[in-house]
Structures are given as structure tokens and as C-alpha cells.
Amino acid sequence: MEGLPLQTLFHFPPILQSPSKRWRDCQFASLTVKRLPRRGLLKASGFNTILLCVSPVFAAPIPEVKDEPPVIRTLKLDSGVRIQEIIEGEGPKAEEGDVVEINYVCRRSNGYFVHSTVDQFSGESSPVILPLDENGIIKGLKEVLIGMKAGGKRRALIPPSVGYINENLKPVPEEFGPRRSLFAHANEPLIFEVQLLKVL
């Protein structure tokens with residue numbers, strides 16, 4: 001099949017068929033299309049580039065630079081415990097031999113939740129009271145709490161060597177499921193987020 005001329009396949013208005021006429025010179029019933037330079041269009045709309053250079057009032061506002069959040073540094077202790085100070089707190093520091101009241105969240109090192117003293121849905125807390133001695137609390141958590149001030153908050157990665165080396169060390173959840181989950185992962189590092197409520 002031979003190729004037919006384009007005009008025979010489609011019906012164009014006569015004004016578009018002649019190559020001598022261009023779009024800018026086309027006239028329709030109520031519309032005349034004229035070519036207008038961009039600079040003239042901008043000046044006609046009231047936009048003047050000189051005003052932007054002379055008077056910054058007409059320029060776009062420069063957003064305020066907000067203070068960057070403080071960098072949370074990690075302190076590594078000799079035992080392998082890594083501590084991040086989230087909130088410093090106020091008041092007297094907890095020392096070895098003190099009794100403290102804390103809230104905590106315990107997670108596995110991959111982020112999976114193990115146990116918390118704060119209910120995630122209602123926000124109710126049931127703080128625990130712990131003595132800061134070798135026999136009552138896991139050694140890694142004791143190292144985290146010593147030196148904290150009331151109201152302070154720390155995040156710590158506690159290796160298993162200073163974690164739950166036996167089942168008598170606190171804090172241990174009272175419920176069977178969380179306790180079982182905790183001891184199932186006692187041989188891996190645990191992340192504790194601890195808030196010191198008060199030194200008793």
C-alpha cells in the first residue's frame with residue numbers, strides 16, 4: 001500500500017494546511033495570538049528584577065537556622081557497657097549502696113521489645129525499687145545507675161557478661177511471659193532505657 005499524503009488522511013482546517021501562515025499570526029473568531037517577549041511580560045506583570053537586588057523586602061524570606069539537636073555521645077565502660085546520657089536530671093547522684101526507684105524499657109539488641117515498667121498503651125507506670133549492690137541487681141544496670149541524677153534518663157547496651165548471669169538478679173518481670181522472654185535472651189546484649197525517678 002502506497003503512502004498517502006498527510007492531508008488526505010486527516011482533515012486540517014485550511015489555515016493549518018498552508019505553510020506560509022504561522023501560529024502567531026493566526027486569527028480566530030475572538031482570539032488573536034501575538035508573540036510577546038518574556039521580559040516584557042514580566043515587566044507588565046509588575047515583576048522587576050532590580051527591586052530584588054536593591055530591596056531585600058521584596059525577596060523571599062530566609063528561613064531561620066534552628067539550633068541543631070545536641071549530639072548524644074556514647075561512653076564505653078571497661079565492662080563493655082555502653083551508655084548514652086539522654087537527660088541529665090537534677091538533684092543528688094545515685095551512689096553504690098543507695099536504693100533507687102526507676103522506670104525502664106528492656107529491648108534486645110535488634111530492637112525487639114522484652115519488658116517495660118511503663119504500659120505502652122495506657123502510659124501507666126509501675127516503677128521498681130532496686131538496691132545498688134552486687135547481689136540485688138545486674139552489674140551492668142548498676143553501672144548505668146551509679147552517677148545518675150533524679151529525673152535523668154540513660155540508654156545503655158549491656159553485654160551478657162554483666163547482665164543476667166543468674167535468675168535471682170533484678171529487675172525481673174513478675175509476669176511469666178516477659179520473664180521467660182527475658183531469660184531466653186539473657187545470653188545476648190540487652191538495651192535498657194532507664195529513667196531514675198528518685199534516690200530513696
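## The largest pocket

On a 1 Å grid over the protein atoms alone, a pocket is an open set of points where a 1.4 Å probe fits, with protein on both sides within 12 Å along at least five of seven lines. Grid points are joined across faces, edges and corners, and a volume is the space filled by probe spheres set on the points. In this predicted model, the largest pocket has a volume of about 450 Å³.

Its lining (residues with an atom within 4 Å of a point) is made up of 24 residues, and His115, Ser116, Thr117, Ser126 and Glu175 lie nearest the centre. Two elements, β4 (113-116) and β5 (128-131), each give two or more residues to this lining; strands are DSSP runs of E, at least two residues long, and helices are runs of H or I, at least four, numbered from the N terminus. The largest share, 4 residues, comes from β4.

## A look at Glu167

Let's turn to a loop. Glu167 sits between β6 (153-158) and α6 (176-184). Glu167 is exposed (over 50% relative accessible area, with a 1.4 Å probe and protein chains only), at 58%. Beyond its neighbours within four places in sequence, Glu167 is in contact (heavy atoms within 4.5 Å) with Val172 and Phe183.

Pro171 also has its place in the loop between β6 and α6. A cis peptide bond joins Lys170 and Pro171, with omega about 0°.

## How to read the numbers

Residues are numbered from 1 along each chain as its sequence is written, and side-chain values use heavy atoms, leaving out hydrogens and water. Local features need pLDDT of at least 70 and side-chain atom pairs count only at pLDDT 80 or more, while totals for chains, interfaces and linings use all residues.

How values were computed. Buried means under 20% relative accessible area, exposed over 50%, partly exposed in between (1.4 Å probe, protein chains only).
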